[in-house]
Amino acid sequence: MRRLGVHTSIAGGLHKGLEKAHELGCGTLQIFSHNPRGWAVKAKDPEECRLFMELRDAYDLSPVFIHSSYLINLASSDRDLLRKSVAMVIEEMNIADAIGAGYVVLHTGSASGDDPAAARSRAIDCLRRVGESGSWKAGLLLENTAGERGDITSKIREISEILHAVSGELIAGVCLDTCHAYSAGYDLTTAAGREVLVAALEQDIGKERLKLLHLNDSKNAAGSGVDRHEHIGEGKIGAEALGQVINHPFFQDVPLILETPKKTDDDDPRNLKTVRRLLGKK
């Protein structure tokens, strides 16, 4: 069965994310493990972790993805921010293991006005430090970015540079966001554009290391460099093109997580219904 899910809220406890995903009929889910806009992280109660794993198994939700903190910037030239970012990645990995999550999704960071190549070198160094600090059952996934100012991983070859420079088992692979890819210039609305993306992934990443698709439509045009998600079928990519992506042989077994807007209680069910319809059109 194709694993399809959404990013769910953990307000009221980590297990609430699982309950919501189950209520929506999902087979997988993504959560934040804590407030993604704050550096303070409370230690997880062992009972809370136990309940989370019990419900995960009871609801057959797998794999569980944790999206890492928005504050992390492994590409920064600020030494204090780098230190805090490395510590936060380690904390995210520790929490992932504590609750039995499969993967942690990471945006490596922004060059913040510096040379992108130098910034990627800093990110590589930071990830090596994380890898040297311990080992985890969970794997880290590097996510592509939308090409906004300072982005260092909007192109597949840029992610590949980091992926292959960090040895060991820390980095399990890549999470591909369709909105980000489109905004970065990979035109998913044409067969030729989709094949350009697939060829880059196949050559520079490898099919076996593509572990997750963030399935999002885009409010902005291809190559805009603007990260604004839209409901499936209501953005510039469109339902037909996104259907072609998820049913493409290269992507057809990869879990799908929706990060579409949540303004009403009907938004997640509506987007999931659309994707399920698209999955039926093989």
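Residues are numbered from 1 along each chain as its sequence is written. In this predicted model local features need pLDDT of at least 70, side-chain atom pairs count only at pLDDT 80 or more, totals for chains, interfaces and linings use all residues, and side-chain values use heavy atoms, with hydrogens and water left out.

**Exercise 1.** Determine which residues of helix 9 are buried and what covers them.

*Solution.* Helices (H or I, at least four residues) and strands (E, at least two) are DSSP runs, numbered from the N terminus. Helix 9 takes in residues 267-279, 13 residues in total, and reaches 18 Å from its first C-alpha to its last, close to the 18 Å expected at 1.5 Å a residue, where the expected span is 1.5 Å times one less than the number of residues. Its buried residues (under 20% relative accessible area with a 1.4 Å probe, protein chains only; exposed is over 50%, partly exposed in between) are Asp267, Asp268, Asn271, Leu272, Thr274, Val275, Leu278 and Leu279. Because they cover an arc of only 160° around the axis, they lie on the same side of helix 9; the arc is that of the directions from the helix axis to the C-beta atoms. Their cover, judged by contact (heavy atoms within 4.5 Å), includes strand 1 (4-7), strand 7 (210-215), helix 8 (239-246) and strand 10 (256-258).

**Exercise 2.** Decide whether His15 and Gly280 are buried or exposed.

*Solution.* His15, which lies in helix 1 (residues 14-23), counts as buried because its relative accessibility is 16%. Not counting residues up to four places away in sequence, His15 touches Leu51, Phe52 and Leu55. Gly280, in the segment after helix 9, counts as exposed because its relative accessibility is 63%. From C-alpha to C-alpha, Gly280 is 9.3 Å from Gly243 in space, although the two are 37 residues apart in sequence.

**Exercise 3.** Identify the residues closest to the centre of the largest pocket.

*Solution.* Of the 28 residues that line the largest pocket, His67, Tyr70, His107, His180 and Asp227 are the closest to its centre. A pocket is an open set of points, on a 1 Å grid over the protein atoms alone, where a 1.4 Å probe fits, with protein on both sides within 12 Å along at least five of seven lines, and lining residues have an atom within 4 Å of a point.
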